[in-house]
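Thanks for passing this one along. Here are my notes, in numbered points, to read beside the model.

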Amino acid sequence: MKITRQKHAKKHLGFFRNNFGVREPYQILLDGTFCQAALRGRIQLREQLPRYLMGETQLCTTRCVLKELETLGKDLYGAKLIAQKCQVRNCPHFKNPVSGSECLLSMVEEGNPHHYFVATQDQNLSMKVKKKPGVPLMFIIQNTIVLDKPSPKTIAFVKAVESGQLVSVHEKQSIKQLKEEKGLVKNPEQRRKKKHKKVSGPNPLSCLKKKKRAQDTKSSASEKKRKRKRIRNRSASKVLTEKQNAE
């Protein structure tokens, strides 16, 4: 049974790797239900998951899942301890936490660009995950970890991509990288650098200041001329008065 399970897992991983770019280390998002099932089945996730998937894994969770486990109290204390040992991934609900299922669902939106696996025992969440193409789903049954086969939605998406009707997120990323390597598309960092290299013209304010200085020098020169004229007029009037007195 163990060999057949690994064969199925290898087959499913190959499907997700070839069509959606899933690669090691496999990032597995755990919710509280999966942690509780692992606790009850005495499953050592850090040891058994890499063996089952035959590759390096990273156990991950979110702040919303941890918050949910804290509010549920002592009954899920062991599951909370398991979740706390996982790597915490940033979710968009930092200020306003949501339920764990809603949070994990938001982490695989827009084509699952980070290639997350979703590990859950929640049937409602599982059904919603299956409606999103390219998201591997994991669960525990009879104290054994199982990687679910690709959903019908995922298979239909792959067929549409093969027929040329759609372009997968993985293909979009690879096309973008090829364009950047060949110089057809410029990186935003290069654009920013070029913006800094722009030669700017003279500051119009500085030009205005120079004009004001010229006007000030002209006004000061005219004031000096006026003062000189006044002095000459005063000296001429003094000479006239002296002549009149002498007569």
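1. Let me begin with a helix pair. Helix α4 (residues 63-72) packs on helix α5 (residues 77-84) at an angle of about 160°, and their axes are 9 Å apart. The contact involves Leu66, Leu69 and Glu70 of α4 together with Ala79, Lys80, Ala83 and Gln84 of α5; contact means heavy atoms within 4.5 Å. The two helices are therefore roughly antiparallel, a label for angles over 145 degrees. Axes here are lines fitted to C-alpha atoms, for helices over the stretch in contact, with angles from 0 to 180 degrees between N-to-C directions.

2. A word on the basis of all this. This is a predicted model, in which local features need pLDDT of at least 70 and side-chain atom pairs count only at pLDDT 80 or more, while totals for chains, interfaces and linings use all residues. Residues are numbered from 1 along each chain as its sequence is written, and side-chain values use heavy atoms, with hydrogens and water left out.

3. Helix α5 has another partner. α2 and α5 pack at about 110°, with 8 Å between their axes. That angle makes α2 roughly perpendicular to α5, the term for 65 to 115 degrees. On the α2 side, Gly32, Cys35, Gln36 and Leu39 meet Gly78, Ala79, Ile82 and Ala83 of α5.

4. Now the chain as a whole. The protein chain has eleven helices and six strands, taken as DSSP runs (helices H or I, at least four residues; strands E, at least two) and numbered from the N terminus. Of its 247 residues, 32% are buried, where buried means under 20% relative accessible area, exposed over 50%, and partly exposed in between (1.4 Å probe, protein chains only). Among contacts between residues at least 6 apart in sequence, 67% join residues at least 24 apart.

5. The largest nonpolar core has 50 residues, and Leu30, Leu45 and Met138 have the most contacts inside it. Such a core is a set of buried Ala, Val, Leu, Ile, Met, Phe, Trp, Tyr and Cys residues joined through side-chain atoms within 4.5 Å. Leaving aside neighbours within four places in sequence, the contacts of Met138 include Ile28, Phe34, Leu49, Phe117 and Ile145.

6. Helix α6 (residues 100-107) deserves a look. Its buried residues are Gly100, Cys103, Leu104, Leu105 and Met107, and their cover includes β1, β2, α4, β3 (87-89), β4 (116-119) and α7 (123-130). Gly100 counts as buried because its relative accessibility is 1%. Gly100 and Cys64 are 36 residues apart in sequence, yet 5.5 Å apart in space, C-alpha to C-alpha. Not counting residues up to four places away in sequence, Gly100 touches Val65 and Glu68.

7. Finally, some backbone details to check. Most residues other than glycine have a negative phi, and most peptide bonds are trans. The peptide bond from Glu24 to Pro25 is cis, with omega near -10°, and Pro25 lies in the loop between α1 (2-20) and β1 (26-30). Arg42, in the loop between α2 (32-40) and α3 (45-53), has a positive phi near 55°. Arg42 counts as exposed because its relative accessibility is 75%. Met54, in the loop between α3 and β2 (57-62), also has a positive phi, near 55°. At 41% relative accessibility, Met54 counts as partly exposed.

Technical notes: Parallel < 35°, antiparallel > 145°, perpendicular 65-115°, else oblique.
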